[in-house]
Number of protein chains: 2
Amino acid sequence: MPASEIACWFDFASTYSYVSVLRLARQRDVIVQWKPFLLGPIFKEQGWDNSPFVLQKDKGDYMWMDMARECAKYGLPWRQPSEFPRRSLLAARVALLGEHQPWMAEFCARTMLANFEHDEDIGSSDCIAAILTSIGLDAATLLAAAQSDDNKARLRARSEEAKSRHLFGAPTFFVDNEMYWGNDRLSDALAKRR
Amino acid sequence: MPASEIACWFDFASTYSYVSVLRLARQRDVIVQWKPFLLGPIFKEQGWDNSPFVLQKDKGDYMWMDMARECAKYGLPWRQPSEFPRRSLLAARVALLGEHQPWMAEFCARTMLANFEHDEDIGSSDCIAAILTSIGLDAATLLAAAQSDDNKARLRARSEEAKSRHLFGAPTFFVDNEMYWGNDRLSDALAKRR
């Protein structure tokens, strides 16, 4: 990748990914390589059947408090979702189709806001269809393409790439092959671009 | 605690605690409530018999890279210790004696540097004795007091307090009862003081 770009690996279910995706979607001068992926298979490799924020109660309780604080810091809307983590499989499949499309940043931002501002079930095709329609896209065609065997295989390949790149959480950024983990490192990653 | 103070909970074996302790020890205008404690019992509650940085290899590998980067960012010396995590029990017991003493910040800083700059075994009484002597203290008397039954009981009570305050990692800061986890939140915690 060109050293002027930043790759952003994120999961639509991930709280700190929400903060980073919104920050990047709003910075129109930054060229982002969007890398939607699923944390589930990464966590499974660790022997975890859920998010560490669910499995470790104290860490989870702190995260909810910290998210409210962080969103205030970055000027982002915030409502703790009534369900966590939400199923992000469908959103990830649709996002795979949009990676190199002009609508990608808007789709990612609106899907994140559906989850973390509007408390909507982003796992449902109705919700994702409404988001696609709201940005002027053909929802039915995109949802069908998202669920095609080819596209499902692409998401599985993305999971394999995440493992081979040693990702262990989200968001994770790469600039010039250097890894930065967490929204707390986004500014450092952006500063590293040439 | 007065809202102008910051409580710093840290473990001498913890890499990110090293960064925070050094940053705080150098800020002479900040009143710090030093809270040495042991992460071991906290991790055991999670069913872990070692640091997550050891148990999760990808996360550990990233941490060592990140520590080098973070220490450069904060202008701190850094050498990856040949043993990790080091036994921090003795250093914690000595630090408990120093909590309200004028030598506390200096002892903490030098012990952290012994571990993370000079790659010394801070688990050994020789190492801790040398540090105490280097700052003009009576090492033999302090080491004996550190290993007294009373002081051992105080460290166990500190572990119970850590659990009751829902700590799950280190460093952890409190300002006016608000919790901040990680060196990445130290600036926010300091800014919160009134």
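User: What rotation superposes chain A on chain B in this predicted model, and how are the two copies thus related?
Analyst: In this predicted model, chain A is superposed on chain B with an RMSD of 0.0 Å and 0.0 Å of shift along the axis. The two copies are therefore related as by a two-fold rotation axis, the rotation itself being 180°.

User: Which residue of chain A has the C-alpha nearest the axis?
Analyst: The axis in question is the one that relates the two copies as by a two-fold rotation. The C-alpha nearest to this axis in chain A lies 3.4 Å from it, and that atom belongs to A:Asp184.

User: How many residues does the contact take from chain A and from chain B, and what area do the two chains bury between them?
Analyst: The same surface serves both copies, since 100% of the contact residues of chain A recur in chain B. The contact takes 23 residues from chain A and 23 residues from chain B. Of the area buried between the chains, 47% is on carbon and sulfur atoms, and the area is about 2100 Å².

User: How many salt bridges does the rule find across the interface of chain A and chain B, and which element gives the most to the side of chain A that touches chain B?
Analyst: Across the interface of chain A and chain B the rule gives 10 salt bridges, together with 16 residue pairs in polar contact, both residues being at pLDDT 80 or more. On the side of chain A that touches chain B, α4 (57-74) and β4 (178-181) of chain A each supply at least two residues. With 8 residues, the element that gives the most to that side is α4(A).

User: Is A:Ser14 buried or exposed, and which side chain does the side chain of A:Ser14 join in a polar contact of 2.7 Å?
Analyst: An unreviewed UniProt entry carries the annotation "active site" for A:Ser14, a residue in the loop between β1 (6-10) and α1 (15-26) of chain A. A:Ser14 has a relative accessible area of 7% and is therefore buried. Leaving aside residues up to four places away in sequence, A:Ser14 touches A:Leu39, A:Met112, A:Phe116, A:Ala170 and A:Pro171. The polar contact of 2.7 Å joins the side chain of A:Ser14 to that of A:Ser17.

User: Which of the two residues A:Glu161 and A:Arg158, whose side chains meet in a salt bridge, counts as buried?
Analyst: Both residues lie in helix α9 (residues 149-164) of chain A, 3 residues apart, which is about one turn of the helix, and the salt bridge is 3.8 Å from N to O. A:Glu161, at 26% relative accessibility, counts as partly exposed. At 7% relative accessibility, the residue that counts as buried is A:Arg158.

User: How many residues apart are B:Arg86 and B:Asp119?
Analyst: The side chains of B:Arg86 and B:Asp119 meet in a salt bridge at 2.9 Å from N to O. B:Arg86 is buried at a relative accessible area of 6%, whereas B:Asp119 is partly exposed at 21%. The pair links distant parts of the chain, from the loop between α4 (57-74) and α5 (89-98) to the loop between α6 (104-116) and α7 (125-134) of chain B, and the residues are apart by 33 residues.

User: What is the omega of the cis peptide bond that joins A:Phe84 and A:Pro85?
Analyst: A:Pro85 is found in the loop between α4 and α5 (89-98) of chain A. The bond between A:Phe84 and A:Pro85 is cis, with omega about -10°.

Notes. Residues numbered from 1 in each chain as written. Chains lettered and ligands numbered in written order. Predicted model: local features only at pLDDT ≥ 70, side-chain atom pairs only at ≥ 80, totals over all residues. Heavy atoms only, no water. Least-squares fit on C-alpha atoms with pLDDT ≥ 70 in both. Contact = heavy atoms within 4.5 Å. UniProt positions renumbered as here; feature names shortened; annotations may be inferred. Helix = DSSP H or I, 4+ residues; strand = E, 2+ residues; numbered from the N terminus. Buried < 20%, exposed > 50% of the residue type's maximum accessible area, 1.4 Å probe, protein only. Polar contact = N/O pair within 3.5 Å; in protein donor to acceptor, adjacent residues only side chain to side chain. Buried area = accessible area lost by both parts, 1.4 Å probe. Salt bridge = Lys/Arg side-chain N within 4 Å of Asp/Glu carboxyl O.
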